[in-house]
Amino acid sequence: MADNRTFLYDIAGNAHVAVHGTAPPGDEEWQAYLDDILDRVHECRGVIVNTTGGGPTAAQRRASTEHWNRYGSTPRMAIMTVSPVVRGMVTALSWFLGTNIRAFTIDGFSDAGKHLALSDADVEEVRTMVEKLRAQL
C-alpha cells in the first residue's frame, strides 16, 4: 500500500474494519473505501472504524450518504474514536443514515461489537486487526 494512505481497512471477525490516522482521506481514497465496503458487505455484520481523529470531510460525508442511498441501505457501523469532533460527525451522519451508526470510545471494542452483534471471538479478531493496521499506518 502507498505510504500516503491516511487509513487502512480489511475484514476481521465478521466486520469490515478501518483504522484512520489523524488526517482526512483523499476523495479517491474515500471512494475506494466505500466501494470496498459495498463489494464485501455480504461477508460481514457491519463496519467498525477506529480513528485517532481522521475522518471524512463534509463533502465525503455527503458522498457517503448518496452512496448508501443508491445501495438501498446503510450497513451497521460502529465508530471508535477519541475525538469529540468525530463523535459529532457520527451524530450528524446518524441523522441521515439512521440508528445503524453509533460512536464509541477508541478502546470500546466490546460495546462496538455488541452494536454489530459480533461474538466475543469476532471482537478479539477485530481488536487484533485494529492493532495490525494501526502499526502499518
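Helices (H or I, at least four residues) and strands (E, at least two) are DSSP runs, numbered from the N terminus. Keep that in mind as you click around. What you have open is a predicted model, so local features need pLDDT of at least 70, side-chain atom pairs count only at pLDDT 80 or more, and totals for chains, interfaces and linings use all residues. Residues are numbered from 1 along each chain as its sequence is written, and side-chain values use heavy atoms, with hydrogens and water left out.

**Stop 1: a loop residue**

Select Ala117. You'll find it in the loop between helix H4 (109-115) and helix H5 (120-136). Its phi is positive, about 60°, although Ala117 is not a glycine. For context, most residues other than glycine have a negative phi. Ala117 counts as partly exposed because its relative accessibility is 47% (buried means under 20% relative accessible area, exposed over 50%, partly exposed in between, with a 1.4 Å probe and protein chains only).

**Stop 2: another positive phi**

Now jump to Asn14, in the loop between S1 and strand S2 (15-20). Here phi is near 60°, again a positive value in a residue other than glycine. Asn14 has 35% relative accessibility, so it counts as partly exposed.

**Stop 3: two helices**

Next, colour H1 (residues 27-40) and H2 (residues 58-71). They pack at an angle of about 25°, their axes 11 Å apart. Axes are lines fitted to C-alpha atoms, for helices over the stretch in contact, and angles run from 0 to 180 degrees between N-to-C directions. H1 and H2 are therefore roughly parallel to each other (angles under 35 degrees; over 145 is roughly antiparallel, 65 to 115 roughly perpendicular and the rest oblique).

**Stop 4**

Phe7 sits in strand S1 (residues 7-12) and Trp30 in helix H1, 23 residues apart. Phe7 is buried because its relative accessibility is 0%, and Trp30 is buried at 8%.
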